[in-house]
Amino acid sequence: MKQGKSTTGAHKEHTVLGMAAGLGAYLMFAIMYAFAKLLSDNHSVFEIAFYRNLIASVPFLILVFGLGRREILVINSKPGLVGLRAALGSLTLATTFFAFSLMPMADTTTLLFTASLFVPVLGVIFLREQVGPYRWTAVVIGFAGVLIMTRPSGDIYLLGVSVALAAACLQAVLQIVLRYLGRFESPETTSFYFFIIGTLIMALPLPFIAVRPSLDEIPLLVGVGLSGAAAQWLLSTAFRNAPVAIVTVFNYSGIVWATLLGWMIWNDWPLPQVLVGAAIIVASNLLVIWRESRLQRLSEAHIRAKL
């Protein structure tokens, strides 16, 4: 009797799917940052950002013009906001790459986690989302793990810290914008315009800063683009299916990936407090997964009981 009921205009969230996408997104971001850090010795962060956006846009161009997915071009909400998100995203990308070029991966990633402190508040203010005690607890626990994992590296590099904090602030704003757009736009649409507009913006300074990449650097440039494309699509999917405060918790997993990559590539061996902090961060993620899975089961049971 209820099969014909239309769901047009309504967006059904799938929180567990959103959490899984968030976890995968932050892994891809860590890989992208590692590629960018390797390239930063010889290339400007604007040039790296250009190649990242250019290469990442290729799969979307194939989808639209090769496979006929023209619906990706359709903006259902506010075109100006989609453009603003792309412009801010480009600035955030270059700022983040700059931070990673100045400091070790684990240190930079730790500072970027300060964005998590602002996102739940922004979600409540601008999106009127409900942030319960379990989510706040998970955020606090995760941030405590980040503090434990912070490795004293001697002198404080003021420029690096300042750039990383600026990138964190921009990331917090972008996550809120993504969450809003996720209610109306598909992940493919937001990602497509982000990469296309970002490519054009990052191309502006190239005549003054571009350096011809060597053969050894081409795989790194391709890696920056492909990992960036995967991260962006997964993050858009995450914010479309789960509240900001939940997705943000999985941002903490990035310190685990950053520490592992730093150890494997730059021989930055993790200290004991790094391992302790990583365990705490994983525990905070498991708390969210357990809580949301339990709530979803209770909701499904309630629906079945009403049928």
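## A look around an all-helix model

Gly182 is buried, with a relative accessible area of 7%. This glycine sits in the loop between α7 and α8 (187–203). Along the chain Gly182 and Ser77 are 105 residues apart, yet their C-alpha atoms are separated by 10.0 Å. Keep in mind that what you have on screen is a predicted model.

Now for the overall picture. Of the 307 residues in the protein, 48% count as buried. The accessible surface comes to about 15000 Å², and 69% of that belongs to carbon and sulfur atoms. Take the contacts between residues at least 6 apart in sequence: 91% of them join residues at least 24 apart.

What about the inside? In soluble globular proteins, nonpolar side chains tend to be buried together. Here the largest nonpolar core has 43 residues, and Phe29, Phe97 and Leu235 have the most contacts inside it. At least two residues of this core come from each of α1, α2 (45–66), α3 (79–102), α4 (105–112), α7 (158–181), α10 (218–241), α11 (244–249) and α12. Which helix gives the largest share of this core? That is α1, with eleven residues. Apart from this core lies another one, of 13 residues, including Ala56, Phe60, Ile72 and Leu181.

With neighbours within four places in sequence left aside, Phe97 is in contact with Met32, Tyr33, Ala36, Val45, Ile48, Ala49 and Val224. Phe97 is buried, at a relative accessible area of 2%.

Next, a histidine in a loop. His43 lies between α1 and α2. Is His43 buried or exposed? His43 is buried, with a relative accessible area of 6%. Not counting residues up to four places away in sequence, His43 touches Ile48, Val211, Arg212, Pro213 and Glu217. The C-alpha atoms of His43 and Ala210 are separated by 7.4 Å, although the two are 167 residues apart along the chain.

On to charges. Side chains of opposite charge can pair when their charged atoms come close. How many salt bridges does the structure hold? The structure holds one. In it the side chains of Arg69 and Glu71 meet, at 2.3 Å from N to O. Arg69 is partly exposed, and so is Glu71.

Finally, the surface has a nonpolar patch of about 600 Å², made by Leu38, Leu260, Trp263, Met264, Ile265 and Trp269. Helix α12 (residues 253–266) provides the largest share of this patch, four residues. Leu38 comes from elsewhere, namely helix α1 (residues 15–39). Patch residues need over 30% relative accessible area, and Leu38 is partly exposed at 31%.

| Residue | Relative accessible area | Class |
|---|---|---|
| Phe97 | 2% | buried |
| His43 | 6% | buried |
| Gly182 | 7% | buried |
| Tyr33 | 11% | buried |
| Arg69 | 30% | partly exposed |
| Leu38 | 31% | partly exposed |
| Glu71 | 44% | partly exposed |

Methods. Residues numbered from 1 in each chain as written. Predicted model: local features only at pLDDT ≥ 70, side-chain atom pairs only at ≥ 80, totals over all residues. Heavy atoms only, no water. Patch = residues over 30% accessible without salt bridge, like charges linked within 9 Å, V, L, I, M, F, W, Y side chains within 5 Å. Areas by Shrake-Rupley, 256 points an atom, 1.4 Å probe, with all protein chains shown as cover. Salt bridge = Lys/Arg side-chain N within 4 Å of Asp/Glu carboxyl O. Buried < 20%, exposed > 50% of the residue type's maximum accessible area, 1.4 Å probe, protein only. Contact = heavy atoms within 4.5 Å. Core = buried A, V, L, I, M, F, W, Y, C linked by side-chain atoms within 4.5 Å.
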